Amino acid sequence: MDILSLFVVIPVLTITAILLLKDTRQVRLVSAFGMGLQLLMAASLVFLYLTARHAGNNDEMLFIKDYLWFKSLNIHYAVGVDGISVAMIMLTSLVVFAGIFASWEVEFLRKEFFISLILLASGVFGFFISIDLFTMFLFYELAVIPMYLLIGIWGTGPKEYSAMKLTLMLMGGSALLLVGLLGIYFNSSPDGNRLTFNILEISKVVIPLPDQRIFFPLTFVGFGVLGALFPFHTWSPDGHASAPTAVSMLHAGVLMKLGGYGAFRVAIFLMPEAAHELSWIFIILTSISIVYGAFGAIAQKDLKYINAYSSISHCGLVLFAVLMMNQTAMNGAIIQMISHGLMTALFFALIGMIYGRTHTRMIYEMGGLMKIVPFLSVCYVIAGLASLGLPGLSGFVAEMTIFVGAFQHPELFYRIVTILAVSSIVITAVYILRVIAILLLGPTTNEHFEHLPDAKWFEKISVVTLIGSVAAIGLAPFWLSTMIGTSLHPIIEKIIALNPF
Amino acid sequence: MAVNQIMFILFSAMIVIFSILTVTSRKILRAAVYLLFVLVSTSGLYFMLNYQFLAAVQLTLYAGGIVVLIIFSILLTSHISQNFESSGWKKNIFSAIAALIGAILSVITILDYRFSATTEAAKEVNMTLIGKSLLSVNYDGYVLPFEVISILLLAAMVAAIVVAKKGAPKTIGLPK
Amino acid sequence: MNSGIPLQYFLILATIMFFAGVYGFLTRRNLITILMSVELILNSVNINFLAFNRYLYPHKLEGMFFSLFVIAVAASEAAVAIAIIINIYRRFTTINVEDVNEMKF
Amino acid sequence: MINFNYTIWIFLLPFLMFLFLGLAGHKYFPRLSGILGTCGLAVITVLSYITAYKYFFTSEKVDGAYQKIIAFNFTWLQFTDKLHIDIGALLDPISVMMLIVITTVSLMVHIYSLGYMKGEKGFERFFSFLSLFSFSMLGLVLATNIFQMYIFWELVGVSSFLLIGFYYQKPSAVRASKKAFIVTRFADLGFLIGILILSFNTKTFDFITLTNPTGPAIAQGSGIAFLGLSVMTWSMIFVFMGGVGKSAMFPFHIWLPDAMEGPTPVSALIHAATMVVAGVYLVARMFPIYALSAPVALNVVAYVGAFSSLFAAVIACTQTDIKRVLAYSTMSQIGYMMLALGVAGYGGHEGLGYMASMFHLFTHAMFKALLFLGAGAIIHAVHSNYMTEMGGLRKYLPITHITFLIACLTIAGIPPFSGFFSKDEILAAAFHSNKILFAVEYAVAGLTAFYMFRLYFSVFWGKDINYHQTPHEAPATMTIPLIVLAVGCLVSGFIPFNKLVTSDGKILESEIELMIAIPSVLIGLLGIGIAYLMYVKESAIPDKLAATFKYGYKWAYNKFYIDELYLFVTKKIIFRYISDPVAWFDRHVVDATMNGIAGITQGVSFRIRGLQSGQLQKYAFVFITGAIMLAILFIYLWK
């Protein structure tokens with residue numbers, strides 16, 4: 001068994017163990033154990049990866065394993081990681097681990113809840129380790145299905161509507177995506193050899209430009225729907241608002257990152273010429289996402305809606321940076337994915353905890369929580385500061401890398417758009433501080449809330465894990481940045497070699 | 001005209017006539033009896049084609065088993081002399097047209113096609129051969145389909161019992 | 001026994017039987033008669049199998065065995081179908097196929 | 001080469017202190033944390049003084065100029081080969097001077113807070129925030145590259161936000177902290193854009209490379225880029241925007257008066273002595289570029305500074321909240337410093353303004369911290385911020401009274417107090433460069449003396465008020481810093497700044513020009529005289545004046561309605577006319593389109609669902625017809 005497949009096997013084993021359990025109280029312990037193991041695995045993967053790189057292994061992907069799956073279509077179960085996927089795997093395991101603890105008190109159909117949650121996680125892990133387009137797509141779909149159940153069954157508010165909307169829109173996106181992937185597949189071998197789904201092999205050939213012009217937008221939009229690209233983002237506010245805490249965390253924290261990762265790994269990496277040619281369209285869309293999401297967040301009154309719109313803004317930044325197609329900006333995009341994943345998960349975890357106490361998410365119905373639940377409030381402030389890009393927390397590192405990278409673009413248009421994107425830091429500050437001021441500071445407005453309990457131990461584990469990671473990236477970004485940067489290098493070289501600008 | 005040709009004409013005439021009667025008769029029990037005639041005639045054809053075993057199976061299983069089963073169920077669900085309410089003439093006509101076109105199409109295709117027979121010598125189909133083939137695992141053997149069919153039969157038997165068992169079905173939420 | 005009778009005769013006979021069955025399936029209302037039509041269709045197929053076997057590949061037994069299995073399948077099908085019909089009759093007190101249309105939209 | 005490696009502790013110690021007090025202080029030793037924080041800062045102060053001594057008196061000079069020494073530097077985040085954020089310490093005259101200013105004032109404020117904040121809820125939180133602030137501010141001044149500066153720039157912004165909102169249950173404090181953060185954040189946006197433009201053109205963040213007067217960075221980017229100004233000018237104007245925000249210059253000054261909602265020691269430390277001069281420091285740090293490559297931007301600096309100083313001085317004359325008076329006076333004095341930088345040139349006698357600005361920054365830190373701490377002592381005694389509720393306090397608060405008087409004389413520019421020397425240098429620099437600006441500053445000098453003594457007289461002299469509780473002098477922890485700072489006000493004027501801190505590191509020959517000094521003292525005295533007449537004699541003149549210039553007074557009292565303008569922009573434009581429509585658009589257009597697609601699908605399926613009639617035979621008929629048609633198609637038509 002190779003180490004990468006373990007990332008899919010461990011969740012499956014955990015699910016099996018949960019299925020066999022009679023006592024539902026043990027379910028969460030088993031889940032926590034399984035996902036804790038996964039976290040350890042991820043940490044050791046980072047270690048192994050860095051050791052291998054240090055030992056001079058300069059392959060594009062490490063730990064490659066390849067099993068033929070469908071011979072007639074040449075579909076393989078092929079796995080392999082580079083620094084980017086390693087970082088994403090680390091992110092996923094952190095968020096899932098925190099998510100398990102954040103949903104410690106789920107009572108209704110607990111067993112099924114944890115099974116779906118872990119199934120979702122295994123889909124995400126599978127997505128990040130795959131280097132075969134078809135396997136990747138399969139895992140992606142695997143992640144979307146439990147999402148529907150999780151929101152539809154354990155959600156709040158108009159949950160059926162939200163779940164349906166989310167799933168349908170994502171499915172619509174994956175329909176486009178599938179066409180794009182098949183387009184890539186059928187162009188994967190211009191000299192008449194066997195067609196292949198393997199990313200590494202496809203990256204060695206040049207897909208004809210007319211085909212790229214068709215399939216790049218399809219693939220990019222397909223992943224873009226998942227990455228909340230304007231105007232395909234509307235599933236996000238409703239979906240996040242209705243989803244249970246852990247699902248919001250996983251969804252905003254990890255699943256939306258699938259979009260950015262895929263856009264980068266598949267759309268741009270495999271079709272760089274079309275990406276260059278068409279990037280201006282998507283640059284405009286993503287900059288709209290960035291500013292529009294931020295302005296949208298100002299006007300919201302529901303905590304989860306605020307965060308959902310803020311996610312649109314931040315994820316827009318990811319796609320924006322990816323499209324800039326230079327080393328620094330892409331590096332920033334990946335760091336932004338990780339950073340946003342962690343801090344939005346943190347936000348949703350905290351919102352869930354606050355909601356669990358006050359039973360409302362409307363900011364105007366609460367006030368002065370700092371005095372009542374100081375731990376949660378302080379964590380919320382930290383999350384907010386991370387989100388608005390305070391140095392020393394991860395958001396700053398990511399945003400600055402993106403801005404500096406994007407601004408190095410030789411064309412004036414891109415630099416001007418970058419300035420537009422930069423302006424989002426002010427708008428972000430406005431909505432974050434607005435929430436903090438209304439929700440946490442000031443006098444206590446509702447006397448029913450005066451004796452609410454502060455965080456319990458499992459909530460603290462969940463929150464501290466995430467804050468620790470956010471601060472770790474923020475204080476010592478160099479190792480992450482270097483790890484991603486070295487992996488980006490061959491990719492960027494390919495893009496630049498094909499498109500001297 | 002050889003005897004066998006006369007027999008073929010006889011059998012085919014019976015099959016055609018009773019088939020049509022089966023699907024047009026207004027009395028259900030009669031239809032069942034016509035079906036019986038068709039099946040019996042078919043077994044006659046099998047004899048003519050030199051498949052005696054199959055002819056016997058046809059007689060016992062179809063004529064003896066299924067038709068009896070059908071008749072029993074008719075007795076359970078209808079009055080013997082019950083007339084069908086005639087179905088709408090539109091439906092009849094369109095169905096007839098469809099069936100006719102289909103038949104004509106098939107017949108034309110059959111007549112157009114040049115069948116080419118093999119030159120190898122015919123095999124004597126006796127009980128030993130059938131039994132051996134049925135239980136053989138060789139290239140010519142049919143033990144796998146045989147086993148599958150036996151499981152199917154068992155499943156059908158169980159299913160028939162379960163489905164027809166008395167008691168209100170719980171799983172389907174149909175309105176009373 | 002079959003000398004002097006061309007293969008096509010058997011096939012045409014089977015065709016007629018088949019489309020008679022189809023006609024019955026489309027027009028009859030009683031579920032049992034529909035079942036009988038299905039039996040006709042199956043039978044016609046059997047005739048084809050055997051005719052082909054005898055005329056084209058007399059050294060093989062595929063057609064015969066296939067017919068045998070078809071008969072077996074038809075038998076089990078009839079058994080289950082009749083069980084279902086009886087059940088439907090219990091439930092709706094009719095076996096008129098047009099009245100049993102719960103499985104719509 | 002002298003080893004400055006230990007300067008890393010100047011960074012690390014306050015940061016560790018912040019983490020330690022912030023994480024553990026609450027639980028384990030709430031009482032002790034104040035002492036602990038103060039001790040930590042004392043260590044840093046000692047280290048800073050050692051550094052200053054070593055730098056100014058033992059380090060080698062090249063060509064008679066102080067060198068820029070990188071004490072340590074490591075790459076924190078690599079962007080590209082050339083662009084990387086380093087964290088390090090750059091020692092040059094201004095950064096070492098700032099070290100002294102920050103640690104001295106900060107130490108005084110720490111000691112003062114031990115008394116002032118005693119018994120407050122969140123005592124340890126206060127000290128951990130103070131440590132965070134010290135860390136950020138030290139990082140800011142020691143920055144080796146512009147991005148490091150930006151990092152700590154943001155961090156001081158946050159510390160300021162946290163400290164202004166220290167009384168987080170007070171809505172006004174929450175509002176003020178929010179306002180401060182957002183306004184400075186908006187200004188920082190300019191700073192960031194400036195950095196981006198700068199980095200795009202010069203491909204470096206490093207200060208030494210950037211500000212090398214003969215280096216490539218300055219030579220580049222002088223071409224016309226946009227609206228007739230060079231790229232460098234634009235980037236410098238944007239960078240200056242950051243300075244405008246942090247230093248509360250017009251038009252981003254609105255946060256500073258509100259920031260007085262924070263505890264008074266915080267106002268003294270952050271909003272008077274250290275953080276608000278960061279903008280001045282920024283311009284001084286980038287000065288070679290301003291002077292040599294972007295003179296237009298430097299003019300902007302000068303005019304913004306001059307206007308702000310006048311504007312603030314006028315408002316200060318009408319305010320009644322003593323902390324607000326001091327806040328506007330801070331703004332006015334920083335305007336002075338900006339102006340001095342704006343009229344300076346690089347090197348030689350042209351650099352007088354630069355030296356004057358740094359000098360004034362130094363003295364200002366002393367006397368303004370003293371004023372604020374004095375005000376804190378007053379507020380501590382009478383539990384009110386308003387001058388109207390005070391009077392005759394000299395009897396009750398003797399130490400505060402004397403030190404406050406010294407501070408007022410210093411700011412009014414009366415010799416031999418330090419303010420006289422630094423202000424005089426600024427006026428001289430302005431005089432030699434731009435007569436209009438000189439005239440403005442001259443008037444501001446008079447106004448300054450007036451409003452400070454208006455404050456002084458109405459608090460310590462004037463009518464006697466019956467206090468509920470007899471005001472009593474503050475404890476020793478509070479008075480000792482007052483005395484130390486008063487001594488600082490007295491002696492700091494004699495520090496030979498022209499030898500130590502100059503634009504090019506070389507010694508600058510300057511003397512007090514009597515032609516400028518004497519009138520400036522005179523106008524200071526005039527201002528004091530008017531204040532004496534108006535506020536000690538209890539005359540009706542102030543009211544009459546207010547009545548005469550009714551509208552002018554009203555406008556000044558209401559700070560020229562700039563706040564209202566901002567409120568209009570944010571509340572009306574941003575919230576009402578951008579955000580709400582965006583939210584509406586999102587729900588009712590974008591989302592509605594998606595729902596509409598779903599609706600259309602549903603409608604169509606509703607229409608065609610009749611095909612699924614449940615009629616078995618219909619299905620069969622369709623199936624068979626279809627099969628026949630397909631057969632026909634494939635056999636006869638598909639050739």
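Colleague: Where in chain A is Pro231(A) found?
Modeller: This is a predicted model, in which local features need pLDDT of at least 70 and side-chain atom pairs count only at pLDDT 80 or more, while totals for chains, interfaces and linings use all residues. Residues are numbered from 1 along each chain as its sequence is written, and chains are lettered from A and ligands numbered from 1 in the order in which they are written. Helices (H or I, at least four residues) and strands (E, at least two) are DSSP runs, numbered from the N terminus. On that numbering, Pro231(A) is in the loop between helix 8 (209-226) and helix 9 (235-242) of chain A.

Colleague: What is omega at the cis peptide bond that joins Phe230(A) and Pro231(A)?
Modeller: The bond between Phe230(A) and Pro231(A) is cis. Its omega is about -5°.

Colleague: Is Phe63(A) buried or exposed?
Modeller: Phe63(A) lies in strand 1 of chain A and has a positive phi of about 55°, although it is not a glycine. A residue is buried if 20 or more other C-beta atoms, placed from the backbone, lie within 10 Å of its own, exposed if 12 or fewer do, and partly exposed in between. Because Phe63(A) has 20 C-beta neighbours inside 10 Å, it counts as buried.

Colleague: Is His359(A) buried or exposed?
Modeller: His359(A) is not a glycine either, yet has a positive phi of about 60°. Its place is in the loop between helix 13 (327-358) and helix 14 (369-372) of chain A. With 10 C-beta neighbours inside 10 Å, His359(A) therefore counts as exposed.

Colleague: Which residue stands opposite Lys65(A)?
Modeller: Two strands pair if DSSP finds at least two bridges between them. Strand 1 (residues 62-70) and strand 2 (residues 75-81) of chain A pair in the antiparallel sense over six bridges. The hairpin has four residues between these strands, and Asn74(A) takes a positive phi near 60° there. In strand 2 of chain A, the residue opposite Lys65(A) is Val79(A).

Colleague: Which pair of chains has the most contacts?
Modeller: Two residues are in contact if their C-beta atoms, placed from the backbone, lie within 7 Å. Chains A and B do not touch, with their nearest C-alpha atoms 22 Å apart, and no contact joins chains A and C, whose closest C-alpha atoms lie 20 Å apart. Among the four pairs of chains that touch, the most contacts are between chains B and C.

Colleague: Which element gives the largest share of the side of chain B that touches chain C?
Modeller: In this pair, 71 residues of chain B are in contact with 64 residues of chain C. The largest share of the chain B side, 13 residues, comes from helix 3 of chain B.

Colleague: How many residues of chain D are in contact with chain B?
Modeller: The chain B side of this pair consists of six residues. By class, that side has three nonpolar, three polar and no charged residues; Ala, Val, Leu, Ile, Met, Phe, Trp, Tyr, Cys and Pro count as nonpolar, Asp, Glu, Lys and Arg as charged, and the others, Gly among them, as polar. On the chain D side, the number is seven.

Colleague: How far apart are the C-alpha centres of domain 1 and domain 2 of chain B?
Modeller: Chain B comes to six helices and zero strands, and 26% of its 176 residues are buried. It is divided into domain 1 (1-81) and domain 2 (124-166), with bounds from an automatic or database domain assignment. The two C-alpha centres lie apart by 24 Å.

Colleague: What radius of gyration does chain C have?
Modeller: Chain C comes to three helices and zero strands, and its C-alpha trace spans about 50 × 25 × 25 Å along the principal axes. The radius of gyration is taken over C-alpha atoms, and the globule rule is 2.2 Å times the number of residues to the power 0.38. A compact globule of 105 residues would have a value near 13 Å, but chain C has 17 Å.
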